[in-house]
Amino acid sequence: MIQLDETQKRILREVADLHKVPEGAYNIRSDGKSIGRESTENIEIIPREDGKGLTIKIKPGTKHESVHIPVVMTKSGLTEVVYNDFLIGDDVDVVIVAGCGIDNCGPKDSQHDGIHRFQVGKRAKVKYVEKHYGSGDGAGKRILNPVTEVTMDEDSYMEMEMVQIKGVNDTDRKSTADLAKGAKLIVRERLMTHDDQKAYSSYVVNLNGEGSSADVVSRSVARDDSYQQFAAKIVGNAPCSGHTECDSIIMDNGRILAIPGLEANDLDAALVHEAAIGKIAGEQIMKLMTLGLTELEAEEQIIDGFLR
Amino acid sequence: MLELKNVSFGVDDTEGAKEIIRDISFEVPTNKMVVITGPNGGGKSTLAKLIAGIEWPSEGKIFFEGQDITYMPVTERANLGIGYAFQTPVKFKGIQVLDLLRIASGKKIPLAEACEYLSAVGLCAKDYIGREVNASLSGGELKRIEIATVLAKGSKLSIFDEPEAGIDLWSFQNLIEVFEKMRAHIEDSSIVIISHQERILNIADEIIVLKDGKVTAKGPKEEILPGLIGTSSAVGACRMIEQ
């Protein structure tokens, strides 16, 4: 039985919505080592020999199962790079929940760089949820630099929910995807930075197969003195369709650079991008004030909805 | 319920000072529906904003249930019992109809109660409750959701600024029924509607005519309405199609 302290429990709730040990396959990594692991008949979690990550094998045809691999860091000054490889068989239908929470109450920086590589089999359907969260009032920074590499086989489907709402000082997330014929990728990123945080996020999606498609949407809020950079590039190398959208709210002295990019290398590649940055509309605040909220409460409601 | 005493409101623009509301005084009694009409540009919407607190008068006083609210902020007025439906409903990315109804009611009302407010404005609740209040909704749908938020708020005084603006005729027919129902269940509250639609004027207890920022006529519907028929202050449904 895994023994979790209160900080570990709180972080697991934040990053993986876990209130208890998850059902199905899981690995809980805390301060550099696994504190609990369970494989199932269809999902095998194999630790790397160097202790720096996992190989997760999901048997072809596995349906309606889940994998949780949350990471908790509570020691100030800990720095780690973790490699997790997901080998997802054909015709699989699974939910994968990752995520990392750092509680840093000390003076030294804590950093977790998760390198996640996905091989998605033919006709497989994957929902991937990755939440990042930071807490603690130490002077040490909480740094997360995730790398996500996705290779999608024919007619596969992947939905990625990438969330970072609070407490991460610096993040530099790089995501790439290569899609074969008929594959479909949906990305929903939600990001909020505050204080003097910095967040960089880039996506490169290569639509290599005929009929492949991607929809990469980011919603972000930059408040206080924070800075964000969002760059999403969709490359159409075949008859395909791609859409990317960056929608951002700036507050206080927040700054955002949005760089949507499209590259069409095939005459039948249909690619669209949209980007919008602006402060909260005054009329939105006013409407909620006429319903009885204060200006501050109205702002919070608008942001909560925007980042839902 | 509501009393305006010698209220004026002006703005300074590039062409100099401009007076939009000029020395207006009137009362909205409890249990009454008052419709404010008049030609476009006469100051009707500005008057609604002055009552809701979105604008403050340059002169005069506004009283609500005997309390001076002339310079009271919007939030306080809302909490005191004043509701206001925008002429152009505001859209929100991510905020759902249910969220807005819960914010309006001031508590986490159960789903069934939220659905009742949507049904009251002629929307099939299950189709709308989880929708985002964004541009995917039509003008008529947004307008009805806007009205539902004012219903959910349960105000003593509800102000509707041109509820018919921007909606199709079919939605308009439904809207009339909504206001007829509200009039029938007005118990201890009051309703102010800014409108120049004959059918809305027809539900009114009292009518106030506003022109060039001044009240040019006011009184019971039976007295005022006959003189307005056929003018821009009482537009019939057929004119709406033409427009």
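Which residues in helix 3 of chain B meet which residues in helix 6 of chain B? In this predicted model, in which local features need pLDDT of at least 70, side-chain atom pairs count only at pLDDT 80 or more, and totals for chains, interfaces and linings use all residues, V97(B), L100(B), L101(B), A104(B) and S105(B) of helix 3 meet I145(B), A148(B), T149(B), A152(B) and K153(B) of helix 6. Residues are numbered from 1 along each chain as its sequence is written, while chains are lettered from A and ligands numbered from 1 in the order in which they are written. Contact here requires that the C-beta atoms of two residues, placed from the backbone, lie within 7 Å, and helices (H or I, at least four residues) and strands (E, at least two) are DSSP runs numbered from the N terminus.

By class, the contact of helix 3 with helix 6 of chain B has seven nonpolar, two polar and one charged residues, where Ala, Val, Leu, Ile, Met, Phe, Trp, Tyr, Cys and Pro count as nonpolar, Asp, Glu, Lys and Arg as charged, and the others, Gly among them, as polar. The axes of these two helices are 7 Å apart, and the packing angle is about 35°; axes are lines fitted to C-alpha atoms, for helices over the stretch in contact, and angles run from 0 to 180 degrees between N-to-C directions. Helix 3 of chain B passes helix 6 of chain B in a right-handed crossing, a crossing being right-handed if the near helix is turned clockwise from the far one by less than a right angle, and left-handed if anticlockwise.

Helix 6 of chain B also packs with helix 4 (residues 111-120) of chain B, the axes coming within 9 Å and crossing at roughly 130°. These two helices are therefore oblique to each other, given that angles under 35 degrees count as roughly parallel, over 145 as roughly antiparallel, 65 to 115 as roughly perpendicular and the rest as oblique. On the helix 4 side, Y117(B), L118(B) and A120(B) meet A148(B), L151(B) and A152(B) of helix 6 of chain B, a contact with six nonpolar, no polar and no charged residues.

Strand 1 (residues 2-13) and strand 4 (residues 59-64) of chain B pair over five bridges, and L4(B) stands opposite I62(B) in strand 4 of chain B.

Chain A averages a pLDDT (the predictor's confidence in each residue, from 0 to 100) of 92, with 100% of the residues scoring at least 70. In chain A, strand 3 (residues 43-47) and strand 4 (residues 53-58) run antiparallel and are joined by five bridges, I45(A) having I56(A) as its bridge partner. Five residues lie between the strands of this hairpin, in which G51(A) takes a positive phi near 75°.

Between the chains, 19 residues of chain B are in contact with 18 residues of chain A. Helix 2 (74-80), helix 3 (97-105) and helix 6 (139-153) of chain B each give two or more residues to the side that touches chain A, and helix 2 of chain B gives the most, with four residues.

Technical notes: Pairing = 2+ DSSP bridges.
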